[in-house]
Structure formats: structure tokens, C-alpha cells
Amino acid sequence: MTALIRPSELLAELESCPTLPADPGEPAPDGSAGDLVVPLRLATEYGELALLYTTTVFGSPRDVTLDEIAIETFFPADLQTATLMRAVTAQARPAEAVSPEP
């Protein structure tokens, strides 16, 4: 037998969930720090970077070909890191190849 959830109960549960800020560098709308994850902090020559780290693993126990494939990604955790990463990657982009005119 499936238990029915009243809409008011569902709404109350959803309203109790933490809210995230629209801008990663700002506090959450409810005044909390909005810390759902702990960022990886790295001291670099450009300043401190705050990064969110995720790992995605593919495959299943029966799928041998995908058994060892994983993708590791880093995302900026705050506005300062995002701005710094954009500036550094803009400098590192190679110049666009220009084809000679015939």
C-alpha cells in the first residue's frame, strides 16, 4: 500500500531544504553560508582557488569495457575563483590559425 503525501506536507519539507545563492560568491537567501559542499582550496601563484570536485564513474559490475573509466572535474566554488580561471584561460588560448589567402 502506498502512503499518500499531502501537498502541505510536501511544501513544508521543500521549504525546510537549504537554499543556494544565485551568485556563488554571495550568502544564501536565507542568510546561511549555503555550504552544501566543502571546496578544495589551493594556494597558487595567482591567489587562492576554491574548487568543487566531482568524479563520474561509468559502467556496471557486468560491463567490463567501462569498468575503469572515470571523469574527474573541477568547478569554481566562488566568484573570485571563477573570475581568475576565466582570465587565466583567456591568456592561455592559442591564437586562431589564419589560413593564407590563395
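Predicted model: local features only at pLDDT ≥ 70, side-chain atom pairs only at ≥ 80, totals over all residues.
Figure 1. The chain has two helices and three strands. Of its 102 residues, 10% are buried. The accessible surface comes to about 9,100 Å². Carbon and sulfur atoms hold 60% of that surface. Take the contacts in the chain with a separation of 6 or more: 32% of them link residues 24 or more positions apart.

**Figure 2. Four residues form a nonpolar patch on the surface.** The members are Leu40, Leu42, Tyr53 and Phe74. Together they have about 350 Å² of accessible area.

**Figure 3. Phe74, a member of the nonpolar patch, lies in strand β3.** Strand β3 covers residues 70–76. The relative accessible area of Phe74 is 42%, so this residue counts as partly exposed.

**Figure 4. Thr81 is a buried residue of helix α2.** Helix α2 spans residues 79–92. The relative accessibility of Thr81 is 0%. Buried means under 20%, so Thr81 belongs in that class.

**Figure 5. The side chain of Thr81 makes a polar contact with the side chain of Asp78.** The distance is 2.6 Å. Now set aside the neighbours of Thr81 within four places in sequence. Thr81 is then in contact with Glu48, Leu49, Ala50, Leu51 and Pro76. One of these residues, Pro76, belongs to strand β3 (residues 70–76).

Note on methods. Residues numbered from 1 in each chain as written. Heavy atoms only, no water. Patch = residues over 30% accessible without salt bridge, like charges linked within 9 Å, V, L, I, M, F, W, Y side chains within 5 Å. Areas by Shrake-Rupley, 256 points an atom, 1.4 Å probe, with all protein chains shown as cover. Salt bridge = Lys/Arg side-chain N within 4 Å of Asp/Glu carboxyl O. Helix = DSSP H or I, 4+ residues; strand = E, 2+ residues; numbered from the N terminus. Buried < 20%, exposed > 50% of the residue type's maximum accessible area, 1.4 Å probe, protein only. Polar contact = N/O pair within 3.5 Å; in protein donor to acceptor, adjacent residues only side chain to side chain. Contact = heavy atoms within 4.5 Å.
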